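Take a look at the model below. The text after it goes from the whole chain to single residues.

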Amino acid sequence: SPPRGIADGKGARGAGRGRAPRRARVRPSARAVDMGASSQEGSMLMEAGGAGSGALGGTSGSIDPDADEVLVRMHSHSVPARRERGAPQPQRVQRARAFAMLGTSLVVGLVPTVGGELGMLPAFQRPFVERDPNLSWPSVQGSIVSATALWVLAMLLPVAAVWGTQVALARASQRVAAAQVNALALAVHLLSSVLLTMAVTDVLKVYVGRQRPHFYAACDYAGFASKGMDAYLEATSAGAPGHLSKCLADPSAYSPQALLSFPSGHASMSFCGLGFLGLYWAWAVSTASGPRAWWGQAASTAAAAPPFLGAALIACSRTRDGHHHFDDVAAGAALGCVIAAAGARAALRP
């Protein structure tokens with residue numbers, strides 16, 4: 001009788017050299033084959049099949065028919081591998097989503113931004129009363145933070161900082177690299193968030209139509225800026241309903257800018273751009289330090305503090321130059337923080 005473990009005539013290489021041992025059959029689970037195997041299970045099965053065929057020792061013997069059937073059935077199903085819940089999306093998908101968001105922000109924000117800032121969309125004429133101390137800022141002053149500086153501080157600088165930091169940390173920290181957050185997609189998400197914030201802010205400005213603190217000086221209400229305080233007090237009554245017909249300045253000098261106080265655009269844009277940067281820095285420090293580092297929470301909070309402090313300084317400057325009321329600044333800051341948090345969440349949890 002043939003020795004134990006030797007097949008009867010299968011895979012024989014000659015009477016003098018003995019017989020090749022029978023290889024183990026590959027028996028995948030019914031769920032892996034019939035219900036669509038995941039990518040990990042499929043790769044394991046194919047590796048097992050390859051190993052089994054190599055067990056013949058390089059001979060030209062036939063492969064087990066059962067293994068052949070398994071491989072054929074696996075290929076015939078062609079079920080795409082599902083992404084595990086919570087796993088990051090591929091880099092190209094992250095970039096595609098980010099640029100789609102950017103395009104949406106540009107389309108949505110084009111009309112209200114251009115129309116509101118250039119006066120193409122008329123602002124709501126909110127009723128007001130004469131001698132209102134909240135509208136009696138002495139003169140129209142220049143902005144402490146100009147529009148150009150705002151664009152640089154609230155958008156260009158955070159975009160560059162986010163992109164550069166992510167590129168550097170992805171090379172220096174294995175934990176940050178394992179998160180698979182694309183640096184370009186991250187920067188584009190920040191840009192989209194700032195543009196969307198600007199659009200929402202301009203829509204609210206035109207819709208609300210609140211007068212700025214320097215409204216009387218901007219429109220020269222009853223000679224407030226040109227004729228002196230005595231003439232102004234003589235021509236007005238405290239608490240009497242105001243009317244734009246008493247404005248002596250040309251309408252182009254105050255409309256619509258003097259009617260676009262709520263909310264503050266400087267506050268919303270700075271808290272969105274710099275707030276996004278602060279949230280990202282907090283995430284980066286926390287991810288790089290690991291979940292067990294006792295100092296990670298304190299370090300992430302410290303990393304987020306400078307951007308938010310800078311945003312607060314930019315926002316509060318609008319109350320010092322007479323361009324906004326305090327609640328305008330508070331509303332703008334809240335709006336910017338909400339959009340920044342939503343944008344950062346979408347970018348950092350791909």
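The protein exposes about 19,400 Å², and carbon and sulfur atoms supply 61% of that area. Accessible areas here follow the Shrake-Rupley method with a 1.4 Å probe; for residues, only the protein chains shown count as cover. The model is predicted: local features need pLDDT of at least 70, side-chain atom pairs count only at pLDDT 80 or more, and totals for chains, interfaces and linings use all residues. Numbering starts from 1 along each chain as its sequence is written, and side-chain values use heavy atoms, with hydrogens and water left out.

The protein has 13 helices and zero strands. Helices are DSSP runs of H or I with at least four residues, strands are runs of E with at least two, and both are numbered from the N terminus. Of the 350 residues, 40% count as buried. Buried means under 20% relative accessible area, exposed over 50%, partly exposed in between (1.4 Å probe, protein chains only). Among contacts between residues at least 6 apart in sequence, 83% join residues at least 24 apart. A contact means heavy atoms within 4.5 Å.

Now follow helix 13, residues 326-348. Its 23 residues reach 32 Å from first C-alpha to last, close to the 33 Å expected at 1.5 Å a residue. That expected span is 1.5 Å times one less than the number of residues. Its buried residues include D328, G332, G336 and G343. Their cover includes helix 7 (183-208), helix 11 (265-289) and helix 12 (296-320).

Helix 11 also holds T287. T287 counts as buried because its relative accessibility is 18%. Leaving out residues up to four places away in sequence, T287 touches R175 and V176.
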